[in-house]
Amino acid sequence: MRKFLLALGIVLLVAGWQIDTVSAQQRENQVRDQSIKYQRLMALIDAFYVDTVDLHKLTEDAIVKVLADLDPHSVYISKEEVDEMNEPLEGGFFGIGIQFAILRDTLMVVDVVAGGPSEKVGMHAGDRIIEIDGENVAGKNIGNAGVRKRLKGEKGTIVDVKILRGRDLFDFRVVRDKIPIYSVDASYMLDNTTGYIKISRFAATTIEEFEEAVKKLQALGMQDLVLDLQGNGGGYMGAAIGICDHLMDAAKMIVYTDGVASGRRGEYSTVAGMLEKGRVVVLIDGNSASASEIVSGAVQDWDRGLIVGRRSFGKGLVQRQYPLTDGSMIRLTTAHYYTPSGRCIQKPYSEGEEEYQAEIFKRYTSGELVNADSIIVNDSLKYSTKLKHRTVYGGGGIIPDLFVPMDTNINYLYFNRLIAKNVIGDWLTNYIDVNRKLLNAKYPTFEKFNKDFVVTDAMIDGIVKAGEKSGVKKDEKLLIPVLPSIKLQLKALIARDLWNMNEMYQIMNKENDVLKRGFEALKDGTYEKVLN
C-alpha cells in the first residue's frame, strides 16, 4: 500500500510538472504569435500607408497604451528619461522640486519635494500646471522629457508657472535650486522620553539616516517613538522593510508579495532591531502610500503600535523595472503586496486611471476627512491582527486605529494667494538677507529662537503691502482667521533658513493635529486602551 501511494505521488508530481511545462510553452507560443502579428502590422504601415509615419513613435505610443490598460502604476520610461527617473530617491539636481505625472495631456503635480523651491512658494500635490514661462502646456503632448526640459535649469534661474487648483488660478515664481534628497527630514525629542522622526520618502539612504536619528534620540533618553509618515508617497520597498525590521523582534513577517509569474515571497524581521522595545505611534494621511503603507500595515497587523491620522492612499502593487533594447525601460507591476494579516490594501482601479487618481480628491466631498464614520469599508475584506485579533480591512488603504479629522473651518484662500505669488518667499528672502547677522547674534541657539522670537504685526503688514504690489488685494475678513498660521509658518521658515528642516518641523508641528493626537495617546492611556 505504501509503495502504491509513493508511486501515485510520483505520478502526480510528474503530471503537475508536465502541466506547468505545457502551460509555459503555451504562453511562450502566444507571446511569439502576438509579436509576429505586431511586426506584420509595422511592416504593412511602413510599406503601404498613405503618408510618412514615425514608426518609433507608433511603437512608443502602443507601449504606453498597453501599460495604461493594465494598472495605474505600470509605466513606460523613455531612453531620455531613464537617467533622471530616480533623482528624487538617489541623486541631486537643480530644478523646482516636484514629482509630476501627465494625465490625458494635463501636467499634474504628484508631490512636492520637502524643502525644495516649489514647496517654498506653496505648490501642492494635485495642482495642474497649465503654463510654464508663458507657454501653454495644457492639452499639449509635451511628454515627460519636455516637462523636465522646461522646469530644470541652472541654480538661481527663475521659472514662472501658472497652475489650476480647483477653480482658482495661481501664478508662481519659482527660483531653481539644488533639490534636497534627504529622506529623514526631522528627528527631535517631544519630551524627556518620546522621540519624533519624520520620513518624507523611502530612499536608498533611508535606513542609514533612520539609524542615525534613532541613536541620537536614544542618547537623549527616547523610550517611545512617534514615526511621521504623513505625505510620504513611498519609494524603495527595501527601505520600508528595513524600518520595520528595526521596530519588531525576530522572525515576524513584515510583508509578502504574490503574483502569477513571481509567486509568493515573504520578508521577515531579524534580530537586528534597534527599537524592539517601547511604544510606537505611526502618523499617516491620504498621501501616505506604498512603502509607507507597508510600514503602517505591519505595525498595525502585529499590534506593535498605534496608527493615527486619516486613511492612507491605497497602493498595494509592486513594480519592477525592465530595460528595453533601445535604452528605454518599463516599470511593470509584477505582484501585489500583502500585510502580515493577509490584506492587500490596493484600492480599486478597474474604472480607469482618471477615476483612480481622482479618488483621493473625492474623499473631501464624501466627508471622510472630517468623520471616520464616512470611511467606506468592505466587509468581505475583513481581517484580524496577529496578536490582539483586532478587526482591520483591506482593499483601500490603511484605516488608522485613531482617526483625526481635518480642520476645514478656516479659509486659506488669501494666504494661498500670497504664497502662490511668492510674496511671502520674496519678503522672507529679503528679511533674512537684511537681518541675518542680527538674528544670529540675538538667537545663537534654536532653543532661544523658538522660545523668544515673535513674528510681529509690523512684519505681517509688510507682507500684506508687498502682496498688494503683486496684485493680491488685502482681504481683512480672510486674513484675521489665518494670522496664527501665517505667523507660525513665517517663524518656521526663518528657522529653516537659519538652521535647517529639523528646526522648521519643530515649529510647524505645533499646529500638526495628527501629531498632537498621537502624542496625547501615549500620555492619556489611549494607546493601551486601543491595543489591549
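Select D71 and S74 together to begin, and you will find their side chains joined by a polar contact of 2.8 Å, where a polar contact is a pair of N or O atoms within 3.5 Å, one of which, within protein, must be able to donate a hydrogen and the other to accept it, and where residues adjacent in sequence count only if both atoms are side-chain atoms. What you have open is a predicted model, in which local features need pLDDT of at least 70 and side-chain atom pairs count only at pLDDT 80 or more, while totals for chains, interfaces and linings use all residues. Residues are numbered from 1 along each chain as its sequence is written, and side-chain values use heavy atoms, with hydrogens and water left out.

**Stop 1**

Keep D71 selected and note its place in the loop between α2 (55–70) and β1 (75–77); helices (H or I, at least four residues) and strands (E, at least two) are DSSP runs, numbered from the N terminus. The side chain of D71 also reaches the backbone nitrogen of H73, at 2.7 Å.

Now move to S74, which lies in the loop between α2 and β1 and, at 4% relative accessibility, counts as buried. The side chain of S74 reaches the backbone nitrogen of T333 at 2.9 Å. Although S74 and R331 are 257 residues apart along the chain, their C-alpha atoms are separated by 5.4 Å, and R331 is among the residues that S74 touches, together with L67, A68, L332 and T333, when residues up to four places away in sequence are not counted.

**Stop 1: the sheet and its helix**

Next, colour the open sheet, whose 6 strands follow the order β10-β11-β12-β15-β16-β21 with mixed pairing; two strands pair if DSSP finds at least two bridges between them. At the edges stand β10 (184–189) and β21 (402–403), each with a single partner strand, so one side of each is left without a neighbour in the sheet. Then pick out β15 (residues 280–284) and β16 (residues 306–309), which run parallel and are joined by 4 bridges, and look for V282, which stands opposite I307 in β16.

**Stop 2: helix α8**

Select residues 237–247, helix α8, where 9 of the 11 residues are buried, so the helix is largely enclosed by the rest of the structure. Among the buried residues of α8 are A239, I243, D245 and H246.

**Stop 3: S384 and S341**

Go on to S384, found in strand β19 (residues 382–384) and partly exposed, with a relative accessible area of 39%. Leaving aside neighbours within four places in sequence, S384 is in contact with S341, H389, R390 and V392. S341 belongs to the loop between β18 (329–338) and α10 (353–366), and is buried, with a relative accessible area of 17%. The side chain of S341 makes a polar contact of 2.8 Å with the side chain of D301.

**Stop 4: two backbone angles**

Most residues other than glycine have a negative phi. Finish with D303, in the loop between α9 (291–301) and β16, where phi is near 50 degrees, a positive value, and with H389, in the loop between β19 and β20 (391–393), where phi is near 60 degrees, also positive. Are these residues buried or exposed? D303 is buried, with a relative accessible area of 10%, whereas H389, at 58% relative accessibility, counts as exposed.

Notes: Buried < 20%, exposed > 50% of the residue type's maximum accessible area, 1.4 Å probe, protein only. Contact = heavy atoms within 4.5 Å.
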